[in-house]
Amino acid sequence: EDLVPIPQPPVHWFTRNMPEIEPAFPARSNWRLAAMYGDIVKLDLVKETVVIVSSHELANEVYDETRFEKHVAGGLKVLRDVLGAGLFTAYPGEHSWETAHRILMPAFGPIAIKKMFPQMQDIISQLVLRWDRLGTDNEIHRLAFDTIALCGFSYRFNSFYRDNTHPFAQQMAETLIEAGKRANRTAIENSMRIFSAEETKKNVQAMWKLCDELVADRRRNPKPEVNDILNAMLNREDPETGEKMSDESIRFNMLTFLIAGHETTSGALSFLFYNFLRNPKTFQKAQEEVDRVVGDNILDARHIPQLKYVEVCIRETLRVLGPITQNQVHAKEDTIVGGKYKVTKDMTIRVNLRGIHHDARVWGPDAEEFRPERMLEGGFEKAPRNAWKPFGNGERACIGRSLAEQEMVMTTTMILQRFQVHMVDPSYDLHLKSTLTVKPADFKIKVSRRPNKD
Ligand code: HEM
């Protein structure tokens, strides 16, 4: 077969294709390049060659785990200073990943997560109570943070009882901002940032210390009756090798869950409420479902499978634009994609999630629109393989998916049950901010108690 060169923007003699990337918002570069050059684009970024794929067909090919595997570089590699070989930042085949993966998969499975219903309800009730008094939001990230800490380690940050941010949350936010900056600087620039490197070190050490203290405390005072992730990490053995997780691996994964679990879930909920308020009919329909299924009762685990419309609103939100906008793989061996493009194993392949999720060949001509009904009309179960990928791919897909989905359905339901929701600024135009994840910037909602709901 004839090979065809991958489309590439003009190459500058010195900066190559570097100017094509917007360092503060890498996803936006993917979107712009896909619009200009199509389903596949190549960039020479001096340190690496990046291939961006933006169609379902090509993504489907590079998600084949026999030929491609997760690529840990750039921002992910920088995060290894903080998260080490934790699940999210582990290299493919890294031994501690395999142990942790096998030990933790059941602990994050749907059955285990269902048992966390009371802990989730506890935290969401705190949010509802606070909104009832104050009438405003800005607390979604506190919700996600407190939930993962309580479900994961039976630890209470009590964010809703503080006016300022919890020091741990502050340390984490500063670390992530710095990691994002480091990922976009050269090695020489980074070596000159001695002050911020020192600050980061202090922050990271403080976070590790809290994790280590929680572990030591649990070892001193075992709580065999609690169903949390920490117990699984301390007590379970790898079913294949009989090994336990090392103390270091436990610490790295505790931090991983706190980081991976809170920005993503809170960002997804912000996008959901943005979509609801821009499409009031969907909001109304979801609220009618909540009234029909739950009414004035206290939300119960049995209600969850009946909240179908709420669920598809969340799925559709993650399709239109979710908190994770790309994932990276590389070929295990030099290969050909799309039947005609040569890809070598040293290239970074970046899957542009918006490209798959807005592919009109899969989702139809209204792919850009928020229309949850498409997910009911068989659009979800019948969608082709690898057409909906907000939680990533294969064995490196999101381990927290069930946790996040249950938390999002419960939160949405408990908010809709009690409140009418409004935008603080009805003329708000969606603009985005990009840190480790993407989320709406400056998007504010306010709530008022629905009549007869107390
Ligand atoms: C991995 C998305 C919530 C923990 C991933 C990946 C995606 C993702 C796309 C794959 C990353 C890659 O390929 O490099 C999301 C979304 C969430 C969410 C959209 C919420 C709406 C959570 C939660 C946790 C979590 C609540 C909590 C524990 C992880 C971990 C990994 C991961 C540990 C790495 C898994 C591995 O490679 O073994 N997530 N996530 N995520 N996520 Fe999530």
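Predicted model: local features only at pLDDT ≥ 70, side-chain atom pairs only at ≥ 80, totals over all residues.
Let's begin with helix α12, residues 247-278. How far should 32 residues of helix reach? At 1.5 Å a residue, α12 should span 46 Å, and its end C-alpha atoms are 47 Å apart, so the two figures agree. And is α12 mostly covered or mostly open? Mostly covered: 28 of its 32 residues are buried.

One of the things beside α12 is helix α7, residues 140-153. The axes of the two helices come within 8 Å and cross at roughly 140°. As for the handedness, α7 passes α12 in a right-handed crossing. If you want to find the contact on your screen, look on the α7 side for I140, H141, L143, A144, F145, I148, A149, G152 and F153. On the α12 side, they meet M254, F257, L258, G261, H262, T265, S266, L269 and S270. Sorted by class, this contact of α7 with α12 has 11 nonpolar residues, seven polar ones and no charged ones. While you're looking at those numbers, here's a general point about helices: there are 3.6 residues a turn, so residues three or four places apart point the same way.

Now for the ligand. There are 26 residues around the ligand, and the ones that come nearest are G261, T264, G392, C398 and G400. Which helix gives the largest share of the shell? That's α12, with seven residues. Helix α18, residues 401-418, is in there too: α12 and α18 each supply at least two residues of the shell. By class, the shell around the ligand has 15 nonpolar, nine polar and two charged residues.

Next, another helix pair: α13, residues 280-293, and α14, residues 308-320. Their axes come within 8 Å and cross at roughly 145°. From α13 we have T282, K285, A286, E289 and V290, and they meet Y309, V310 and C313 in α14. That contact of α13 with α14 has five nonpolar residues, one polar residue and two charged residues.

N17 lies in the segment before α1, which is residues 26-37. With 21 C-beta neighbours inside 10 Å, N17 counts as buried, because the cut-off is 20 or more. Skipping its neighbours within four places in sequence, N17 is in contact with P9, V11, L43, D44 and L45.

So let's hop over to L43, in strand β1, residues 40-44. L43 is buried, with 25 other C-beta atoms within 10 Å. L43 and Q8 are 35 residues apart in sequence, yet 6.1 Å apart in space, C-alpha to C-alpha. Again leaving out neighbours within four places, the contacts of L43 are Q8, N17, E20 and V50.

E22 is in that segment before α1 as well. Is E22 buried or partly exposed? E22 is partly exposed, with 14 other C-beta atoms within 10 Å. Not counting residues up to four places away, E22 touches R28 and S29.

Last topic: backbone angles. Most residues other than glycine have a negative phi. Two residues here go the other way. N386 isn't a glycine, but has a positive phi of about 65°. You'll find N386 in the loop between α17, residues 373-379, and α18. N386 has 19 C-beta neighbours inside 10 Å and so counts as partly exposed. The other one is D442, with a positive phi near 55°. D442 is found in the loop between β10, residues 438-440, and β11, residues 445-449. Buried or exposed? With 10 C-beta neighbours inside 10 Å, D442 counts as exposed.

If you take one thing away, take α12: mostly covered, crossed by α7, and the source of the largest share of the ligand shell. Thanks, that's me done.

Key:
Residues numbered from 1 in each chain as written. Helix = DSSP H or I, 4+ residues; strand = E, 2+ residues; numbered from the N terminus. Expected span 1.5 Å × (residues − 1). Buried ≥ 20, exposed ≤ 12 C-beta atoms within 10 Å, placed from the backbone. Axes fitted to C-alpha atoms, helices over the stretch in contact; angles between N-to-C directions. Left-handed = near helix turned anticlockwise from the far one by under 90°. Contact = placed C-beta atoms within 7 Å. Nonpolar A, V, L, I, M, F, W, Y, C, P; charged D, E, K, R; others polar. Near = placed C-beta within 6 Å.
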